[in-house]
Amino acid sequence: DFMKQGHGMLLVYTLKNPSFPEYSFSSESGIMCLDFHSDHPHLLAVGFYDGNVAIYNLKKASSQPSYKSSAKSGKHTEPVWQVKWQKDDMDNNSNFFSVSSDGRIVSWTLVKNELVHMDVIKLSADGTTMQGPEGLQLQMLGSGTSFDFHKKIDYLFLVGTEEGKIYKCSKSYSSQFLDVFEAHHMAVDSVSWNPFHLKVFISCSSDWTVKIWDHTIKTPMFVYDLSTAVGDVSWSPYSSTVFAAVTIDGQAHVFDLNINKLEPLCTQLVVTRKKNKATHIQFNPVYPIILVGDERGLITCLKLSPNLRKKPKQKKGQEVKKGPEVEIAKLEKLLSLVREPGSKE
């Protein structure tokens with residue numbers, strides 16, 4: 001509840017014992033987002049409702065975060081919607097980025113036991129001025145809601161905003177965008193690069209749609225209308241053409257473009273109680289498991305049935321090729337059908 005701000009909790013579970021968390025931390029402000037460090041998984045970056053960010057160290061037996069921003073050290077003035085670790089910098093310092101409604105994207109680096117911040121970009125872009133009364137030009141602040149870094153091109157990242165635009169940005173230019181996509185009519189709830197194909201990203205919005213893009217083209221390749229606001233969307237780690245989305249009516253939708261370009265393979269009610277919305281969805285990086293989080297604080301863990309993770313059939317005497325190249329080719333083939341005007345599709 002935005003009006004009644006309560007305290008927050010950070011809970012770390014194992015699937016071996018889902019009924020009780022392995023670690024739990026309490027905080028004064030609500031926790032909006034978190035990210036595990038991929039190389040040092042005991043480090044957990046979190047973003048708070050009050051605009052602060054912090055790092056918890058699971059190896060330390062302390063209930064407090066090991067590092068936290070403060071009003072002096074560049075905290076956001078609005079809720080932090082997403083945090084993401086990046087590769088350690090040249091001096092092997094850990095660093096992560098945060099995005100907030102205040103329109104700032106900030107990089108945080110752990111230097112000698114303190115968090116050093118640097119503003120990477122401010123979303124008060126040119127062209128977002130609004131005609132006020134009597135011809136007054138009002139500067140509109142872009143407010144960031146989600147972001148994602150390119151898997152291979154280190155400096156490239158996308159930012160989704162409350163106004164429905166997606167900005168393509170570079171870590172090296174803080175004042176310019178490389179590109180702006182007029183992506184959605186309402187807030188972009190999630191944006192992420194495809195783990196296999198280097199040009200493709202996906203976005204979802206409260207305007208009911210999920211869209212798949214090629215970042216070199218201004219219009220979406222695929223658009224899916226899920227007939228209610230979409231809270232989150234996630235690419236699968238095992239196939240370039242599989243993604244899952246959750247909608248606020250509590251349903252999870254799993255798509256495989258390789259099998260059906262138009263409809264989800266599965267739409268299933270996950271969150272059953274009325275007035276409860278599904279807010280997040282995440283694939284397990286190794287197993288065919290998805291997690292769905294909802295507004296009441298419940299996390300539902302689901303296993304994908306075998307027909308939702310179909311692999312290409314083996315022809316007699318032919319080995320089915322596996323690996324990233326195959327995944328890239330699979331998605332590229334689908335995109336080429338959409339890209340080429342005048343083709344049969």
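User: Which residue forms a salt bridge with Lys-84?
Analyst: In this predicted model, local features need pLDDT of at least 70, side-chain atom pairs count only at pLDDT 80 or more, and totals for chains, interfaces and linings use all residues. Residues are numbered from 1 along each chain as its sequence is written, and side-chain values use heavy atoms, with hydrogens and water left out. A salt bridge is a side-chain nitrogen of Lys or Arg within 4 Å of a carboxyl oxygen of Asp or Glu. The closest N and O atoms are 2.9 Å apart, and the partner of Lys-84 is Asp-148.

User: How many residues apart are Lys-84 and Asp-148?
Analyst: Strands (E, at least two residues) are DSSP runs, numbered from the N terminus, as are helices (H or I, at least four). Lys-84 lies in strand β7 (residues 80-86) and Asp-148 in strand β13 (residues 144-149). The pair thus links distant parts of the chain, at a separation of 64 residues.

User: Is Asp-148 buried or exposed?
Analyst: Buried means under 20% relative accessible area, exposed over 50%, and partly exposed in between (1.4 Å probe, protein chains only). Lys-84 has a relative accessible area of 18% and is buried. Asp-148 has 6% relative accessibility, so this residue counts as buried.

User: Which residue is linked with Lys-84 and Asp-148 in a network of salt bridges?
Analyst: The structure holds five salt bridges. Side chains of opposite charge can pair when their charged atoms come close. The network that contains Lys-84 and Asp-148 also includes Lys-151.

User: What is the relative accessibility of Arg-104, which meets Asp-102 in a salt bridge?
Analyst: The side chains of Asp-102 and Arg-104 meet at 3.4 Å, N to O. Asp-102 is buried, with a relative accessible area of 11%. Arg-104 also counts as buried, its relative accessibility being 12%.

User: What is the relative accessible area of Glu-182, which meets Lys-165 in a salt bridge?
Analyst: The side chains of Lys-165 and Glu-182 meet at 3.9 Å, N to O. Glu-182 is exposed, with a relative accessible area of 61%.

User: Why is strand β5 described as largely enclosed by the rest of the structure?
Analyst: In a regular strand the side chains alternate between the two faces of the sheet. On one side of β5, Val-53, Ile-55 and Asn-57 are buried, and on the other Ala-54 and Tyr-56 are buried. Strand β5 (residues 53-57) is therefore largely enclosed, the number of its buried residues being five of five.

User: Which residue in β6 stands opposite Ala-54?
Analyst: Two strands pair if DSSP finds at least two bridges between them. Five bridges join β5 to strand β4 (residues 43-48), and these strands run antiparallel; there, Val-46 stands opposite Ala-54. Two bridges join β5 to strand β6 (residues 67-68), also antiparallel. In β6, the residue opposite Ala-54 is Lys-68.

User: Which residue in the turn between β4 and β5 has a positive phi?
Analyst: The two strands form a hairpin with four residues between them. The phi in question is about 95°, and the residue is Gly-51.
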